[in-house]
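Welcome to this short briefing. Please have the model open beside you as you read, and take the points below in order.

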Amino acid sequence: MKKWFGLVVVLLLAFSLAACSNGGSEQATESTGNDASPAADNGQKVIGLSISTLNNPFFVDLKDGAQKAADELGYKLVVVDAQDDPSKQVADVEDLVQQKVDLILINPTDSAAVVTAVEAANQANIPVITVDRGSDGGEVVTHIASDNVAGGVLAGEFINDKLNGQGKIVELEGIPGTSAARDRGKGFNEVVGKNSGLEVVAKQPADFDRAKGLSVMENILQAQPEIDAVFAHNDEMALGALEAIKAAGRQDQIIVVGFDATADAVKAVEEGTLAATVAQQPKLIGELAVKNGQKVLNGEKVEEFIPVELKLIKK
Amino acid sequence: MKWNKETIQRLGPLLGLLLIGIILSILEPRFLTVSNLFNVVRQVSINAILAFGMTFVILTGGIDLSVGSILALVGALVAGMMTGGIDPVLAVIAGIGVGAILGGINGVLVAKGKLAPFIVTLATMTIYRGLTLVYTEGRPITGLPDEFRFLGRGELLGIPVPIILTFLLFILLLIVMEKTTFGRRVYALGGNEEAARLSGIKTNRSKIWVYVISGMTAAVSAIILTSRLNSAQPTAGFAFELDAIAAVVLGGTSLAGGYGTLGGTLIGALIIGILDNGLNLLNVSSFYQQVVKGLVILIAVLLDRRKST
């Protein structure tokens, strides 16, 4: 039995660790006076937030915005992280339903796949608000998001203005199959399609990843003697592409536009290396989600879609 | 039953599952409710079915990294067929056939090509994922017929259909593994391939079949997942092979092959599912969840190493 003793010890260790982290999250919300259990028994309402991934600063900001609003309004916020896996998200939401939370905010990994999750909440009569990405089905009280298609249009128009309607453009796409990649590309290509002077000479996925943005751009630079602008579906790829362009010594000929306005990208815009980046306001999205959640819990009516402003950050 | 070393090893995964279950029940009362337990098992079904096929492969001393990609490709093809107007029943049968073929390609390359399973399935993992993206053009396929939803979301006598399917598949594969000569060959192959060959076993044929089984279980998982999500995702099943391998290893199957059981794998999959669910209910941050999951797998591998020495 000696070996099982070892197993028991390590398992207990693992769970004490788990308990510690639980303690940590309690502390974070202690100001609102909740007890140890996720669904508070003292009458405090609980809001569940199923987030697509916390490995990305954008969604961390969104979560922080929601947390801030929840703290202010006296709600307990329970956050689950789907790690970009649609099936984990369905399980996450089912788990929230098991916890009998009062309201569920869902930031879908995918609009089509999330329907099952929304319906699970619907069946339990828990109101659902979608955040950042929408759901293709089920009953959703309201959808709160910045419009990625509009953001793509914003980037396209900026490039169009800079190039005076004439030029060759490279488009670095996000992870194929994600709605952000689809929508940003759609808005951008709407603008390009309307301007016969603009031409997309290369279009390749670099998976929202900086290292891939670098290597994909290196290849494109080899293949394309003439490039006037690069539109990347996010800043990570934009910054990777920028490195490739610098290494090739073509930074004076090519303008790069990113998306998301991450801290690195905003710094690059200030330094003048990145031409512009489209800023979403994730903190505001999270905040508005909880604030409108309060209205829903109070039985007030809310709009079906609540758009959150996008802005172009340029020098 | 004697409490010898082997008994303890066989009961190890079950004791682990019970231990985790007890700890979670104490920490979180909502864990041990009928609705939550149904909830967990329904969530587990996809990984469990993948892991059943993986058990056969690992028992021969192989590995199948391509199951997540097979899942995505079969899901996309089945969804594509149905939205194209093909009868759901036919589409499902065709999907399982495609899974068998994709697994068979792995098997032939491993057996006839004498290539390392790790490399073969790493390559086909990439190829099958690529084909999925080609077929779906990177978009999810939606608009599936209503009756198809039954497989992933329906209930029979109050029991979720995925749970019933998992159970039926478990029984079927258990019979194959424990009661057929093929099953005995699988164990023999993993125990000592050369000895198996010399004793007249057609090792190549058995090897191909284990990958066919793995492909077929991946296809069944694909069908349940597609139905559960009511859409086929081009990114579906990403990194699922790792959870399946983890379930097999947690279930006490030796990565060196030759030793292990299907029941152990089922328990391994339940351990992973219960950890995910329990830590969610406990409101543990997802980052810590990964740490805990990794620790549990590490312990299982450490025990596996002791077993083989």
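A residue is called partly exposed when its relative accessible area falls between the two cut-offs, under 20% for buried and over 50% for exposed. A:Glu199, with a relative accessible area of 38%, is therefore partly exposed. Please keep in mind that this is a predicted model. The predictor gives the complex an ipTM of 0.71 and a pTM of 0.75.

**Confidence**

- For chain B, the average pLDDT is 89, and 95% of the residues score at least 70.

- Chain A holds an open sheet of 6 strands in the order S2-S1-S3-S4-S5-S11, and the pairing is parallel.
- The edges are taken by strand S2 (76-81) and S11 of chain A; each has a single partner strand, so one side of each is left without a neighbour in the sheet.
- From one strand to the next, the twist averages 20°.
- As background, strands of a sheet pair through backbone hydrogen bonds, either parallel or antiparallel.

**Strand S1 of chain A**

- How many residues of strand S1 (residues 46-51) of chain A are buried? The count is 6 of the 6, so S1(A) is largely enclosed by the rest of the structure.
- A:Val46, A:Gly48 and A:Ser50 point one way from S1(A), while A:Ile47, A:Leu49 and A:Ile51 point the other way.
- S1(A) pairs with S2(A) in the parallel sense, over 6 bridges.
- Within that pairing, A:Lys76 in S2(A) is the residue that A:Val46 stands opposite.

**Strand S5 of chain A**

- Strand S5 (residues 142-145) of chain A sends A:Thr142 and A:Ile144 one way and A:His143 and A:Ala145 the other way, and all are buried.
- One parallel partner of S5(A) is strand S4 (residues 128-131) of chain A, joined over 3 bridges.
- Here A:Ile144 in S5(A) has A:Val131 standing opposite.
- S5(A) also runs parallel to strand S11 (residues 305-307) of chain A, again with 3 bridges.
- Which residue of S11(A) is the bridge partner of A:His143? The partner is A:Phe305.

**Salt bridges**

- Over all chains, the count comes to 20 salt bridges.
- In general, side chains of opposite charge can pair when their charged atoms come close.
- One of the salt bridges brings together the side chains of B:Arg149 and A:Glu119, at 2.8 Å from N to O.
- B:Arg149 lies in the loop between helix H5 (117-136) and helix H6 (150-153) of chain B, and A:Glu119 lies in helix H4 (residues 115-123) of chain A, so this pair joins two chains.
- Are these two residues buried or exposed? B:Arg149 has a relative accessible area of 18% and is buried, and A:Glu119, at 19%, counts as buried too.
- Another salt bridge links the side chains of A:Glu199 and A:Lys168 at 3.3 Å, N to O.
- A:Glu199 belongs to strand S7 (residues 198-205) of chain A and A:Lys168 to strand S6 (residues 167-173) of chain A, so the pair ties together parts that are 31 residues apart in sequence.
- A:Lys168 is partly exposed, with a relative accessible area of 25%.
- The side chains of A:Glu236 and A:Arg210 also meet in a salt bridge, at 3.1 Å from N to O.
- That pair ties together parts 26 residues apart in sequence, because A:Glu236 lies in helix H8 (residues 235-247) of chain A and A:Arg210 in helix H7 (residues 210-223) of chain A.
- A:Glu236 is partly exposed, at a relative accessible area of 27%, and A:Arg210 is partly exposed at 31%.
- Salt bridges that share partners also join A:Lys68, A:Glu72, A:Glu287 and A:Lys291 into one network.

**A nonpolar patch on chain B**

- B:Leu14, B:Leu15, B:Leu18, B:Ile22 and B:Ile26 make a nonpolar surface patch of about 470 Å².
- B:Leu14 sits in helix H1 (residues 5-27) of chain B.
- With 36% relative accessibility, B:Leu14 counts as partly exposed.

Conventions:
Residues numbered from 1 in each chain as written. Chains lettered and ligands numbered in written order. Predicted model: local features only at pLDDT ≥ 70, side-chain atom pairs only at ≥ 80, totals over all residues. Heavy atoms only, no water. Buried < 20%, exposed > 50% of the residue type's maximum accessible area, 1.4 Å probe, protein only. Helix = DSSP H or I, 4+ residues; strand = E, 2+ residues; numbered from the N terminus. Pairing = 2+ DSSP bridges. Patch = residues over 30% accessible without salt bridge, like charges linked within 9 Å, V, L, I, M, F, W, Y side chains within 5 Å. Areas by Shrake-Rupley, 256 points an atom, 1.4 Å probe, with all protein chains shown as cover. Salt bridge = Lys/Arg side-chain N within 4 Å of Asp/Glu carboxyl O. pLDDT = per-residue confidence, 0-100. Axes fitted to C-alpha atoms, helices over the stretch in contact; angles between N-to-C directions.
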